[in-house]
Amino acid sequence: MLKKSIFFVYKTSLVALLCVVFFCAVLLVFLYSTQKKQANRIYPNVYIDSVDFGSKTKKDTQTYFNDKNKTLSEVNFILNYKDIQIATFSGSILSMHHKTDDVINKAYNVGRTEPFARRIYEQIATLFNLKKYHFTTEVTYNTKPIDEFLTMLDQTYSYPAENALFRYENGRV
C-alpha cells in the first residue's frame, strides 16, 4: 500500500513537472516567434501621447509626428495689451515641433532592454496586455523672435527716470 502511494506521488510530481516544462516550452516558442514578427517594430501596448504605436515601425511613428508638426506650424499666437493686438507669432516662425527622437527610441526599446530578465518581462507584459507603457513628447519652440520683439518694445517704451528724488516736507512727500 505504501508503494502505491509513493508511486502515486512520483507520478503526480512527474506530470506536474512535465506540465511546467511544456508550458515554458510553449511560452519560449511564442516569445521567439513574436520577436521575429516584432523585429524592427514597436511592441504592442506602447503609447506615445496616448496613441498606441504597437506594431508600428520607427519610420511610421516619425511620419505620424511629422504630420502632427505640420499642424503646429499653422498655429498662431496673438499678443494683446489692454485689448489691443500688438503682435502675432506663427508656429512656423517659432519653429514649433514635437521633440520625438528620444521618445521614439524609448518606445522602440521596450522589450529590447539589455538585462535578459527585464527584456522577457517587458515582452510578456506587453504581449499579454499585463502592462502598458506610456511616453509623452514635448513641444519645443524657438524663443528668439519673442525675445527680439520684447526687447524692441522695451527699447521703444521704456524711459529713463528724471528727477526721481523725493523730498519730505512737513511729513509729506
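Where is the place of D83? The place of D83 is in the loop between β3 (76-81) and β4 (84-90), where helices (H or I, at least four residues) and strands (E, at least two) are DSSP runs numbered from the N terminus. The model described here is predicted, so local features need pLDDT of at least 70 and side-chain atom pairs count only at pLDDT 80 or more, while totals for chains, interfaces and linings use all residues. Residues are numbered from 1 along each chain as its sequence is written, and side-chain values use heavy atoms, with hydrogens and water left out.

Most residues other than glycine have a negative phi. In D83, however, phi is near 60°, a positive value. D83 counts as exposed because its relative accessibility is 82% (buried means under 20% relative accessible area, exposed over 50%, and partly exposed in between, with a 1.4 Å probe and protein chains only). N45, which is not a glycine either, has a positive phi of about 65°. This residue is found in the loop between α1 and β1, and N45 counts as buried because its relative accessibility is 11%. The loop between α1 (2-37) and β1 (46-48) also holds A39, which counts as partly exposed at 41% relative accessibility. The C-alpha atoms of A39 and S55 are separated by 9.3 Å, with the two residues 16 apart along the chain.

Next comes the packing of helices. Two packed helices are described by the angle between their axes and the distance between the axes. For helix α2 (residues 58-73) and helix α3 (residues 101-108), the axes come within 11 Å and cross at roughly 145°; axes are lines fitted to C-alpha atoms, for helices over the stretch in contact, and angles run from 0 to 180 degrees between N-to-C directions. On the α2 side the contact is made by K58, T61, Q62 and F65, and on the α3 side by D101, I104, N105 and Y108, contact meaning heavy atoms within 4.5 Å.

T61 of helix α2 is buried, with a relative accessible area of 0%. Beyond its neighbours within four places in sequence, T61 is in contact with I42, I48, F53, K56 and I104. Helix α2 also contains K70, which counts as exposed at 52% relative accessibility.

Finally, T137 sits in the loop between β6 (133-135) and β7 (138-140). T137 is buried, with a relative accessible area of 14%. Its side chain makes a polar contact of 2.5 Å with that of D49 and another, of 3.2 Å, with that of H98 (a polar contact is a pair of N or O atoms within 3.5 Å; within protein, one must be able to donate a hydrogen and the other to accept it, and residues adjacent in sequence count only if both atoms are side-chain atoms).
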